[in-house]
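The following report describes the strand pairing, helix packing and nonpolar cores of the structure shown here.

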Amino acid sequence: MFSKQNVEQKAKQHENRGRLLVKCPDKPGIVSVLSKFLFDHQSNIVESSQYSNDPEGGMFFIRIEFHSEELIKKSKQMEKDFEEIAITHSMDYHFAYGHERKRTAIFVSKEPYCLMELLWEWQNGDLETDIVVIISNHEDARDMVEAFGIPFHFIPANKDIRKQVEEEQIRLMEQYDVDLLILARYMQILTPEFVERFPNQIINIHHSFLPAFIGAKPYERAHSRGVKIIGATSHYVTNDLDEGPIIEQDIERVDHRDDVVALKKIGRQIERRVLAKAVKWHLEDRILVENNKTIVFH
């Protein structure tokens, strides 16, 4: 088991590591401004990735990971000092710190394979997060979840009691101070009010290569269409069904010998790895959202 001691040791190792994500109108000198800011605050850049969607009048995106001694003590002053730069260059920005682990909730229904993948990755120390609660509209996963020492909440859900259900879910998100919600095959539609409370904080796995086969029963529809490639898509949840910003996708080839059962089996393997990758990148602050697209710095 990935123990509390392991977590504390890892947090100690990363306590002087920070991340700065910026998006702003593109113009010459942005990288120089950011580099000078970090230099002036005795910070060493250890990783930098950048992208411009149009050097002439477009947007500029950058993720910088840096090391700075005694970062915990001076982070507030750094953020305050950065405000003037951000205003001058019309920057949207975000500082994140290695010692601050995001707190994650997982929603699941009856099929546990995506949940199990996330728990294995977390147990191995490959997901930099604290999984603080798991919520389900079925009891099937309780024993497995509680074996990991994670609180499990069973909340029956259907369209007739959706408002009451989401009120309880929101209460739990606040109680556990959740930063990220993962829908690991949670087979309930979320209301606009719920989604709006967590912008770019809900990650879903959809069992098709979006935008193909949006909605229910994608494998059945893919089989009847005779597709030669099936896939899965992980995306942020918005109020447009299965049309939120895409984070990661993957595919496998199939052929006429594969029936619906075979397609589902292959698809589950894709879903597991696609969701785990998307979650990992979010936790490592590698994603910037621009309109309905993502910039993912691998």
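## Sheet, helices and cores

An open sheet is formed by 7 strands in the order β7-β6-β5-β8-β9-β10-β11, with mixed pairing. Its edge strands, each of which pairs on one side only, are β7 (152-154) and β11 (246-253), and the twist averages 20° from one strand to the next. Strands here are DSSP runs of E of at least two residues and helices are runs of H or I of at least four, both numbered from the N terminus, while two strands pair if DSSP finds at least two bridges between them. This is a predicted model, in which local features need pLDDT of at least 70 and side-chain atom pairs count only at pLDDT 80 or more, whereas totals for chains, interfaces and linings use all residues. Residues are numbered from 1 along each chain as its sequence is written, and side-chain values use heavy atoms, with hydrogens and water left out.

| Strand pair | Sense | Bridges | Bridge partners |
|---|---|---|---|
| β2 (residues 43-52) and β3 (residues 59-68) | antiparallel | 9 bridges | Tyr 51 and Phe 61 |
| β6 (residues 129-136) and β7 | parallel | 3 bridges | Ser 136 and Phe 154 |

The hairpin of β2 and β3 has 6 residues between the strands, and in it Gly 57 takes a positive phi near 90°.

Helix α4 (residues 113-123) lies across β5 (102-108), β6, β8 (180-183) and β9 (202-206), and runs at about 160° to β6; axes are lines fitted to C-alpha atoms, for helices over the stretch in contact, and angles run from 0 to 180 degrees between N-to-C directions.

A nonpolar core is a set of buried Ala, Val, Leu, Ile, Met, Phe, Trp, Tyr and Cys residues joined through side-chain atoms within 4.5 Å, where buried means under 20% relative accessible area with a 1.4 Å probe and protein chains only. The largest such core has 40 residues, and those with the most contacts inside it are Leu 115, Leu 118, Ile 134, Leu 275 and Val 279. Helix α9 (residues 260-283) supplies the largest share of this core, 9 residues. Not counting residues up to four places away in sequence, Val 279 touches Leu 118, Leu 127, Leu 180, Ile 182 and Ile 203, contact meaning heavy atoms within 4.5 Å. Another core, of 22 residues, lies apart from it and includes Ala 105, Ile 155, Ala 157 and Leu 183.

In helix α8 (residues 218-225) the buried residues are Pro 218, Tyr 219 and Ala 222. Seen down the axis of α8, these fall within an arc of 95°, so they line one face of the helix; the arc is that of the directions from the helix axis to the C-beta atoms. Their cover includes β10 (229-236) and α9, and α8 is followed by Gly 226, whose phi is positive, near 75°.

Conventions. Buried < 20%, exposed > 50% of the residue type's maximum accessible area, 1.4 Å probe, protein only.
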